[in-house]
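Please open the structure in your viewer and keep the selection tool at hand.

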Amino acid sequence: MADDLVTTLADLKEKEALGIVQKRLDAGEDPLAILDDARRAMETVGKRFENSEYFIPDLVYSGEILKEITDLVKPKMTKDVEVKRLGKVIIGTVSGDIHDIGKNIVTFMLDVNGFEVYDLGVDVPPQQFVDKVKETDSSVVGLSGFLTLAFDSMKETVEAIGAAGLRDKVKVMIGGGQMNEDIRKYTGADAYGANAMAGVSLAKKWIGDG
Amino acid sequence: MDKTEEKLEQWCSAQGIQFKDAAAEEAYKKRTRRLADAIQLKVPDRVPIAPLVTFFAPNYVGLTPEEAMYDLDKAYAAYKQTALDFEWDTAFSHLIAFPGQWLEAFDYKQLKWPGHGVPSNRTYQFIEGEYMKADEYDAFFADPSDFLMRTYLPRISGVLAPLQMLPPLRMVLPYYLGLMFMFGVAGAMGIAGALESVVKAIDAFAKHSASTAAFGQELASLGFPAIFGGMTQAPFDTIGDSLRGTQGIMLDMYRQPDKLQKALDLILPDAIQMGLISASISPSPTVFIPLHKGPMGFMSLEQFKTFYWPTLHKLMLALIDQGLVPMPFIEADYTDRLEIISAIPKGKAIYWFERSDIFKAKEVLGDRVCIKGNVPSALLCTGTPDEVKAYCKKLIDVVGKGGGLIVDGDIGIADEAKPENVRAMTDFVKEYGVYR
Amino acid sequence: MTEKSPQQLYDERLKRVNDAIQLKVPDRVPFFPATHLYAAKHVGMTFEEAFYDSQKWSEANKRMILDVDPDLFFSPGFAVFSSGQAFEAVDFKQIKWPGHGVSPDHTHQFVEGEYMMADEYDALLDDPSDYAVRTYMPRIYGTLQPFTMLPPLKAMLFGYAGVGMTALLAMPDIARALESLQKAGLEAAKWSGAMAALDAEMAALGYPSFAGAAVVVPFDLVSDMLRGMRGTMLDMYRQPDKLLATLERVLPMLIGMAVSGSTMSGNPRVFIALHRGADGFMSLKQFETFYWPGMKALILALIDAGLTPCPFFEGCYDQRLEYLNELPKGKILGMFDSTDVFRAKGIIGDTMCICGNMPMSLLQTGTPDEVKDYARKLIDVVGKGGGFIMGCRGVMDECDPKLVKVWADFTREYGG
Amino acid sequence: MANDLANTLADLKEKEALEMVRKRLDAGEDPLGILDDARRGMEIVGKRFENSEYFIPDLVYSGEILKDITEMVKPKMTKDIEVKRLGKVVMGTVAGDIHDIGKDIVVFMLDVNGFEVYDLGVDVPAQEFVDKLRETGSTVVGLSGFLTLAFDSMKTTVDAIKAAGLRDKVKVMIGGGQIDEAVQRHTGADAYGVNAMAGVSLAKEWLGGAQ
């Protein structure tokens with residue numbers, strides 16, 4: 001039964017998955033167990049994305065199904081779900097750029113891989129990254145950008161982190177659009193990730209994956 | 001002579017163009033011939049360089065994107081100076097530096113632009129959104145233009161919001177009954193006021209269009225053919241960009257694939273029309289098709305084959321059928337779908353690659369289509385002239401072998417590209433790209 | 001006895017009419033003359049003035065209604081549905097109106113034509129509003145001819161390229177066309193406002209108006225406005241499927257039009273002029289296939305929406321009366337032209353209220369006695385047991401005011 | 001074979017009828033023979049209309065098929081077809097009225113019943129009727145009208161015929177819309193026809209040709 005939800009959700013069978021959740025709730029099962037299964041399913045989705053079996057539409061769709069499951073389960077919950085997290089990552093699309101598709105994928109993948117992700121959204125000024133690092137004490141920052149204007153915004157963000165005296169406490173990774181190794185050098189970031197999986201690997205390398 | 005050849009020959013003949021002098025005429029004819037040869041996979045005299053330019057031109061002359069979008073004459077001068085300084089094989093006008101007055105008068109919601117949501121020194125950006133909701137397909141099918149007029153336009157333009165109070169336009173069909181109804185409502189709702197704003201907006205855009213048309217004429221008279229003649233979109237992108245949004249269209253592939261498919265088929269004839277109409281006013285037979293939502297990662301190969309490619313394929317074939325040369329800008333990475341997109345008649349299209357493995361593309365597609373690209377923006381913005389030259393050398397050596405290459409940046413010339421790098425790219429191609 | 005207030009009179013008249021519609025016996029036979037342009041003749045002005053001068057036209061109607069004293073009056077805005085100024089502003093081709101194609105003393109007339117070609121069904125079905133704007137409107141409004149140059153309206157969806165298409169709207173020809181449309185819209189709104197004001201004034205004086213909306217059945221929409229009579233007839237043989245698909249497609253639009261029109265006016269009676277379904281215009285089999293389904297569905301939908309359909313059965317329906325019994329009882333006001341209403345009473349008398357069929361010839365060229373005799377027969381036979389409203393066979397444009405008075409007085413006296 | 005075309009046309013089988021014509025032309029048959037069959041087919045259509053088996057759409061459709069046949073046959077014709085006609089009738093919708101449906105049916109029925117019909121169209125001024133009667137020597141005129149304004153136009157037309165001194169030479173029939181005996185008396189016409197068949201009967205009565 002438990003396995004059922006994991007595979008059905010991972011296989012993106014929306015109706016079946018929701019049916020299973022409804023049945024389990026009706027049977028009085030612990031909502032937390034259901035959410036845990038769902039989380040495991042999302043991990044599978046992430047794996048499949050990594051292996052190029054799944055693509056962005058699958059992430060989007062699985063996210064939608066997960067949202068529906070959460071909506072079903074939430075009213076029955078008496079205590080908050082607590083998941084052990086590997087570590088904290090701040091992520092955002094840099095100043096001047098409002099593209100969010102790439103950033104959202106990285107957020108998704110970091111999340112299903114067990115990280116606590118602080119997503120600052122798009123067009124994020126350097127100071128906001130700095131403030132969030134201070135506030136959360138995160139040790140990894142991911143800068144996303146699609147347009148070529150992001151080259152400079154990333155550079156400015158890394159510099160702002162430096163000016164705040166945080167440069168040696170955090171690792172900065174960049175990615176998206178036209179980014180590559182050359183741009184990493186230009187911006188002074190620690191690493192460039194060619195895709196979301198690379199971002200996850202970097203985070204694991206820097207934070208350790210428990 | 002097939003239709004493509006006929007059109008290209010017509011282009012090369014430079015008929016109807018008033019040249020400044022004989023040198024300009026010779027240069028124009030040489031350039032069009034060079035491009036026509038590359039398109040038809042013949043060996044031209046040298047590798048053509050035909051970059052698309054967005055805000056690099058204003059940046060290059062020290063104008064902000066905001067100024068370029070609000071001052072038509074300054075924009076004109078900036079793009080002209082850029083074209084004359086670099087002397088590429090084509091010229092590109094300030095066509096996509098949309099007039100700010102137009103966007104303002106329409107209270108346009110789908111873009112943020114310099115001074116309106118983005119800083120004055122930045123390019124405009126599209127605002128993703130579900131401009132058509134998941135349950136609105138049927139309304140769209142029942143009367144597409146009515147949906148656009150009364151639902152879509154009010155969503156993308158504040159000024160056009162009163163349109164939602166109009167009765168459907170199809171109501172004019174029932175004779176004076178409909179007429180009376182429509183006029184009465186229109187009058188009562190103060191559509192007239194909105195109309196004035198619209199007239200103002202349209203006027204701003206018309207001035208802009210006239211200015212870019214004049215630009216095309218002047219640059220042609222100076223020897224520079226236009227980079228493309230017409231423009232259209234892949235049906236999947238039209239539905240995804242303009243209506244359903246990225247997230248919406250992705251969900252539709254699972255939840256309502258039949259409706260999505262129907263919408264794609266419905267819009268295809270219009271996509272073809274767009275290409276034909278827009279190209280009909282230019283001597284250049286190329287049709288620019290920016291592709292957005294079909295690359296690796298954005299969908300599986302299977303989804304690409306099912307949803308993206310069929311209507312794009314039909315679109316390109318329909319354009320080729322009329323002798324036009326489709327020029328898809330293949331954004332992001334298509335390396336795993338090169339075989340699929342190779343199903344295209346030989347020597348009749350230009351594939352402009354961004355991040356695909358362009359060298360592999362040469363292997364797979366080199367004997368079918370002319371390849372355009374792809375000097376990385378990263379290099380142009382942050383690299384050195386030597387690095388740029390090294391990349392261009394490899395491009396010319398490998399992709400340019402035996403013809404069939406047009407050099408451009410991966411996304412055109414990046415807005416923030418360093419002029420010395422662009423200079424290096426230009427000079428190097430002109431020198432090293434000569435076929436001997 | 002104290003004089004009745006206008007409100008009381010209004011209620012009394014409406015109850016009289018509603019009793020008849022509900023097939024009950026009213027206090028006396030209700031009187032509904034389809035005056036149309038008759039007010040002009042009644043006061044001695046030209047039809048042309050009626051089309052161009054809303055004030056004169058309103059005053060003429062007010063005077064005429066007070067003289068004739070009907071239980072339902074035919075709203076002047078239904079006769080002159082918009083002003084000559086509005087028509088001129090868009091160079092309206094589908095009608096000739098007094099002083100503009102027909103004599104200043106003659107009624108407006110529809111110009112029969114193939115406004116949609118035989119091979120255009122798909123275009124209409126695929127994108128009705130686009131078809132309306134780029135193909136149909138340029139054909140019926142001379143000033144909108146430039147709309148034929150527009151790209152498909154769906155072009156606006158095509159990103160930057162679509163945006164570029166809006167520049168076409170600034171072409172001087174297109175701009176002029178839009179201006180003419182705007183001008184016509186303002187003129188039409190002005191006219192509609194004046195007509196609505198008159199309806200309100202008459203209501204305050206105690207007179208309910210006949211209908212608040214008008215609509216046509218699907219077949220007539222295609223036959224009148226689109227394919228023309230000849231084209232539609234050929235389509236019944238050559239492309240029946242496309243014709244049927246179109247009939248189905250336009251039905252919801254017609255229902256919507258009628259319902260919103262009624263909502264706006266607050267009057268539940270919906271006028272439905274039936275044109276091309278009469279005896280002779282098609283076989284019973286064709287009637288059953290092409291005409292009746294849409295007509296029935298429209299009528300049922302209106303009843304469902306709480307409205308009162310008022311079909312005018314132009315021509316003769318003697319062969320088709322049985323079909324009408326499929327409709328709900330006591331919900332419809334049926335106006336009849338040359339149908340044998342004396343026979344019809346026995347067939348559909350339990351289904352719908354019958355209104356009509358005083359011959360126009362008598363009201364125009366007859367004698368007072370002839371008028372009375374016919375009216376008496378109508379009241380005796382068709383009015384028996386209620387469910388009857390005194391009316392005439394067509395519109396009263398040329399009627400003799402003296403005979404109209406005879407008719408009105410006699411109906412009130414004898415119909416008590 | 002000959003019978004076939006008349007009946008196929010009469011049964012409104014468009015494709016089959018045109019196919020037959022094509023075959024007969026290819027076989028070198030006399031075009032006049034084909035047209036004569038078609039004419040007989042149209043007569044059957046007229047009969048069926050008279051018997052209420054056929055209705056206006058059938059008349060319109062048969063007319064279309066006949067037009068197609070004539071277009072196919074015409075190029076092969078060497079001499080004009082000559083049909084014996086029973087007599088001449090002038091037809092028109094009277095001044096001020098542009099409705100032509102009823103008038104067209106009467107024209108059709110008179111034609112298939114062997115009359116030479118001069119169709120003046122719609123909104124025809126009184127004088128034009130007079131002129132046509134003089135020109136053709138017709139002795140029957142049919143006035144059609146749909147609107148009530150036609151009552152007076154018809155009267156004006158009959159008066160004009162009288163003023164031209166032709167009243168005793170021609171018979172006037174009227175019909176359409178709201179027309180009835182009362183209107184006939186008002187206009188001074190000789191007869192009122194309730195439908196197209198009545199018009200044909202009147203013409204036959206006045207011109208002869210009743211079989």
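A disulfide is a pair of cysteine sulfur atoms within 2.5 Å. This is a predicted model, and by that rule the count comes to 0 disulfides over all chains.

Select C316(C) to begin. Its closest cysteine sulfur belongs to C355(C) and lies 17 Å away, which is too far for a bond. Next, select C392(C), which is likewise in no disulfide; the nearest cysteine sulfur, that of C399(C), is 6.4 Å away. C392(C) is buried, with a relative accessible area of 8%.

Now move to strand β6 of chain C, residues 308-313. Is this strand enclosed or open to the outside? Of its 6 residues, 6 are buried, so β6(C) is largely enclosed by the rest of the structure. Colour T308(C), C310(C) and F312(C) to see one covered side, then P309(C), P311(C) and F313(C) to see the other.

Then select strand β7 of chain C, residues 333-336, which is parallel to β6(C) and connected to it by 2 bridges. Here F313(C) is partnered with F336(C).

Finally, display the open sheet of 3 strands in chain C with the order β2-β1-β3 and mixed pairing. Strands β2 (101-102) and β3 (109-110) stand at the edges with a single partner strand each, so one side of each has no neighbour in the sheet. Strand β1, residues 95-98, pairs with β3(C) in the antiparallel sense over 2 bridges; I95(C) has F110(C) as its bridge partner.

Note on methods. Residues numbered from 1 in each chain as written. Chains lettered and ligands numbered in written order. Predicted model: local features only at pLDDT ≥ 70, side-chain atom pairs only at ≥ 80, totals over all residues. Heavy atoms only, no water. Pairing = 2+ DSSP bridges. Helix = DSSP H or I, 4+ residues; strand = E, 2+ residues; numbered from the N terminus. Buried < 20%, exposed > 50% of the residue type's maximum accessible area, 1.4 Å probe, protein only.
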